[in-house]
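Here's a quick briefing to read with the model open. Have a look at the fold, then follow the topics below.

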Amino acid sequence: MSSAWLLPEHIADVLPHEARRIEELRRLMLDAARAHGHELVMPPLLEHIESLLSGTGHALDLKTFKLVDQLSGRTLGVRADTTPQVARIDAHLLNRVGLTRLCYCGPVLHTRPSGLHGSREPLQFGAETYGHAGLEADLEIIELALECLGRAGIGGLLLDLSDARLLRGVLSCGEVMTDTRHAVEAALAAKDRTAIEDLGAALPPVVRAGLLALVDLYGGADLLVQARHRLPDVPLVRAALDDLDWLARHLHALQPELALGFDLGDMSGQGYYSGARFAIYGRGCTDALARGGRYDDVGAVFGRKRAAVGFSLDLKAVVGGVGFDGRRAAIRAPWSEDPDLRAVVRRLRREGETVVSVLPGHEHEADEFDCDRELVAEQGQWWVRAR
């Protein structure tokens with residue numbers, strides 16, 4: 001018999017030290033999104049499964065917990081990704097004609113962890129822009145993602161760019177069955193050249209050559225020049241490379257210190273994105289801290305297909321991988337029945353200060369707050385002084 005206090009695998013309590021860091025970072029990132037003009041939305045944790053999975057592909061279906069609603073008898077899903085919900089809000093509830101910028105932060109639940117030490121309950125933060133098809137929106141979203149990670153104190157960021165149209169452009173050069181497409185995507189995701197060679201044996205030479213090129217096309221600034229020579233010269237490929245070139249030039253002009261690279265064979269969310277996409281890594285990190293890109297088809301199933309671009313990240317993963325502390329300065333106060341002291345404490349708290357009262361018998365205990373000041377009595381008055 002299992003112990004009553006044991007949690008399911010890859011599900012964990014968040015204890016005070018980590019919870020403080022997560023909460024402080026959540027506030028910083030939401031402030032950054034608001035500073036860029038994004039409005040906060042709070043979608044529900046549960047939805048009818050048809051709405052939650054519409055247009056998101058097979059991968060998200062496998063990640064989603066499903067249950068039966070005891071009120072209606074219909075199947076519900078626990079969200080595994082917030083973006084489809086935000087697309088529904090944009091399409092049906094807001095239904096604005098022009099530009100809409102939205103952000104969110106809340107838990108999602110996955111049936112399986114993303115890795116050996118991954119959580120099945122990420123805390124997903126994200127920002128999305130609807131209604132502008134130009135690359136200006138892509139650039140703005142990338143800048144916001146970089147700023148959010150910068151507020152976590154992460155330096156040495158590497159931005160990898162790719163585009164979902166590259167693979168589609170290559171595959172458009174020949175007849176490729178659906179099962180083969182899926183196998184190609186899996187092989188490219190694993191950078192498995194041998195598997196690509198085997199799959200390509202039954203494909204037209206131009207498709208095979210393009211797929212083998214995608215396996216190799218990752219690296220620095222000169223990669224786009226190579227890509228124009230090695231990939232098929234078709235409209236989808238040309239448009240993708242032109243957009244990547246535009247984004248790279250503007251990012252370099254805006255943030256010359258940013259390490260910028262390309263991974264043209266990146267298959268993350270291939271069935272989801274419709275154009276340029278990006279992944280941001282920290283120094284020495286093998287897993288991306290944030291991912292995003294353009295997904296213009298996300299609202300189509302809700303009857304309103306329009307331009308959309310955004311990014312998301314897991315706040316728990318970001319906090320777990322960086323030295324972000326999040327402690328706020330606080331004032332230490334003795335416990336006393338003195339009404340003057342109590343009045344001063346209330347006033348300081350109303351002014352936004354954190355005041356930690358030391359209860360009797362706990363004077364020498366450490367706490368999670370950075371008490372750099374203390375309340376002391378001098379000449380019948382209570383004063384705040386540095387410790």
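Which residue in β14 stands opposite Ala 333? That's Ser 357. Before going on, note that this is a predicted model, where local features need pLDDT of at least 70, side-chain atom pairs count only at pLDDT 80 or more, and totals for chains, interfaces and linings use all residues. Residues are numbered from 1 along each chain as its sequence is written, and side-chain values use heavy atoms, with hydrogens and water left out.

**Strands around β13**

- Helices (H or I, at least four residues) and strands (E, at least two) are DSSP runs, numbered from the N terminus.
- Strand β13 (residues 329-334) runs parallel to strand β15 (residues 370-378), and four bridges join them; two strands pair if DSSP finds at least two bridges between them.
- In that pairing, Arg 332 sits opposite Glu 374 of β15.
- β13 also pairs in the parallel sense with strand β14 (residues 355-358), again over four bridges.

**What's covered**

- Seven of the eight residues of helix α6 (residues 164-171) are buried, that is, under 20% relative accessible area, with exposed being over 50% and partly exposed in between (1.4 Å probe, protein chains only).
- Those buried residues are Ala 164, Arg 165, Leu 166, Leu 167, Gly 169, Val 170 and Leu 171.
- The cover over them includes β7 (158-163), α7 (178-189), α9 (205-216), α11 (235-254) and β10 (276-281).
- Leu 30, in helix α1 (residues 16-35), counts as buried because its relative accessibility is 14%.
- Leu 30 touches Leu 40, Cys 103, Cys 105 and Phe 125, not counting residues up to four places away in sequence; contact means heavy atoms within 4.5 Å.
- Leu 30 and Leu 40 are ten residues apart in sequence and 8.0 Å apart in space, C-alpha to C-alpha.

**Salt bridges**

- The structure holds 29 salt bridges, each a side-chain nitrogen of Lys or Arg within 4 Å of a carboxyl oxygen of Asp or Glu.
- Arg 26 bridges to Glu 23, with the closest N and O atoms 2.7 Å apart. The two are three residues apart in helix α1, so about one helical turn separates them.
- Arg 26 is partly exposed at a relative accessible area of 24%, and Glu 23 is partly exposed at 25%.
- Glu 121 and Lys 316 meet through their side chains in a salt bridge (3.9 Å, N to O). This pair links distant parts of the chain, 195 residues apart: Glu 121 is in the loop between β5 (100-107) and β6 (123-130), and Lys 316 is in helix α12.
- Glu 121 is partly exposed at 27% relative accessibility, whereas Lys 316 is buried at 17%.
- Besides Glu 121, Lys 316 touches Val 14, Glu 18, Ile 22 and Leu 123, not counting residues up to four places away in sequence.
- In helix α8 (residues 193-200), Glu 197 and Arg 193 lie four residues apart, about one turn of the helix. Salt bridges that share partners join Arg 193, Glu 197, Asp 216 and Arg 230 into one network.
- The closest N and O atoms of the Glu 197 and Arg 193 salt bridge are 3.6 Å apart.
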